[in-house]
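Have the model open beside this report.

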Amino acid sequence: MSATLATPPSTAPPAAPPLRIVPARRAGQWTAAALVLVLLGLGLVSVVRNEAFQWDVVAAYFTSASVLRGLGLTLWLTALVMALGFVLGTLLAVLRLSANPVLRAVSWGYVWFFRSTPILVQLLFWFNIGALYPQILGVNTVNLLGPVSVAVIGLTLHEAAYAAEVVRGGILSVDRGQTEAAESLGLGRWRRLSRIVLPQAMRAIVPPAGNMLIGTLKGTSIVSVIAVQDLLYSTQLVYHRTYEIIPLLLVATLWYVAVTSVLGIGQYYVERHYARGTAGAR
């Protein structure tokens, strides 16, 4: 018969229970957050309950015909200026990256000049172009440009200078190897730019372009100085008649906040579209 050896009992110590991770207490941060919320609540209550804001007047004029017409002109002006500004800005960016020193100098000079002069000064110069040049090529310029035309020209030339730098930065963000690969395939300069470079550059162009769009929307309010009946000027016409300045300014403010919020949401989704496949996608 074979003897069976008994296995000696294990003498290993019992396994220690897993350590429980306890988050650090941050009493100071929670106290500060609670204080901020209390202050925000008090501020909101003071705004809502302050009769000087005249919220009933705000509600009465918020969707009035004159205000909506001004809002429509503001949106139209913003869209047109951004479209024309980026077309001209893209051309200027391409010229700035050209191998021709004359084209580079012209593009640089344009950007330098229009970024160095205030937009209000530019608008006033265009508005008074007839005083500077009564005739251009035999055309009488005294009453040639109306306020809306002046606004479109002035804002477009101004925005194109900033758009040129945005597009140029986006183009420079594309790896040089992409262009070299397109050249090796025999693609022309225009096809390389439109099919290879710009689609990849959009990831770097969209965020600052979105900021420009929102800035342009708010910046159109400056055209009220040349009597363009945009959103701000429309509310000014009302409170010059009724003397209800604060509520009418609130009407304009609320519309600007609403539209810029919608544009911000749109910018988020456009950025996410062009950031697909990258670490920046979210």
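## The largest pocket

The volume of the largest pocket is about 360 Å³. A pocket here is found on a 1 Å grid over the protein atoms alone: it is an open set of points where a 1.4 Å probe fits, with protein on both sides within 12 Å along at least five of seven lines. Grid points are joined across faces, edges and corners, and the volume is the space filled by probe spheres set on the points.

The lining has 13 residues, and those closest to the centre of the pocket are L97, I171, R176, T179 and R189. A lining residue has an atom within 4 Å of a point. Three helices, α7, α8 and α9 (189–219), each give two or more residues to this lining. The largest share comes from α9, with 4 residues. Helices are DSSP runs of H or I, at least four residues long, and they are numbered from the N terminus.

## How to read the model

This is a predicted model, in which local features need pLDDT of at least 70, side-chain atom pairs count only at pLDDT 80 or more, and totals for chains, interfaces and linings use all residues. Residues are numbered from 1 along each chain as its sequence is written, and side-chain values use heavy atoms, with hydrogens and water left out.

## Two nonpolar cores

A nonpolar core is a set of buried Ala, Val, Leu, Ile, Met, Phe, Trp, Tyr and Cys residues joined through side-chain atoms within 4.5 Å. Buried means under 20% relative accessible area, exposed means over 50%, and partly exposed lies in between (1.4 Å probe, protein chains only).

The largest core has 17 residues. Y61, L231, L248, V251, W255 and Y256 have the most contacts inside it. The elements that give two or more residues to this core are α2 (55–62), α3, α10 (231–242) and α11 (245–274). Helix α11 gives the most, with 7 residues. Now find W255. Beyond residues up to four places away in sequence, W255 touches F62, V67, L68, L71 and L231. Contact means heavy atoms within 4.5 Å. There is also a second, separate core of 14 residues. Its members include M82, A93, V197 and M212.

How many of the 23 residues of α1 are buried? The number is 0, so α1 lies largely in the open. Helix α1 runs over residues 27–49. From first C-alpha to last, α1 reaches 33 Å, close to the 33 Å expected at 1.5 Å a residue. The expected span is 1.5 Å times one less than the number of residues. T31 sits in α1. At 54% relative accessibility, T31 counts as exposed. T31 and I196 are 165 residues apart in sequence, and their C-alpha atoms are 53 Å apart in space.

Helix α5 covers residues 119–127, and its buried residues are I119, Q122 and L123. Seen down the axis of α5, these residues fall within an arc of 100°, so they line one face of the helix. The arc is that of the directions from the helix axis to the C-beta atoms. The buried residues of α5 pack against α4 (101–116) and α7 (147–172).

## Residues inside helices

T78 is in helix α3, residues 65–96. Its relative accessibility is 4%, so T78 counts as buried. Leaving aside neighbours within four places in sequence, T78 is in contact with L213, T216, L217 and T220.

P207 is in helix α9. P207 is partly exposed, at 26% relative accessible area. Its contacts, apart from neighbours within four places in sequence, are Q267 and E271. P207 and V259 are 52 residues apart along the chain, with 17 Å between their C-alpha atoms.

Most residues other than glycine have a negative phi. Q54 is in the loop between α1 and α2. It is partly exposed, with a relative accessible area of 27%.

Phi of Y243 is positive too, near 65°. Y243 is in the loop between α10 and α11. At 68% relative accessibility, Y243 counts as exposed.
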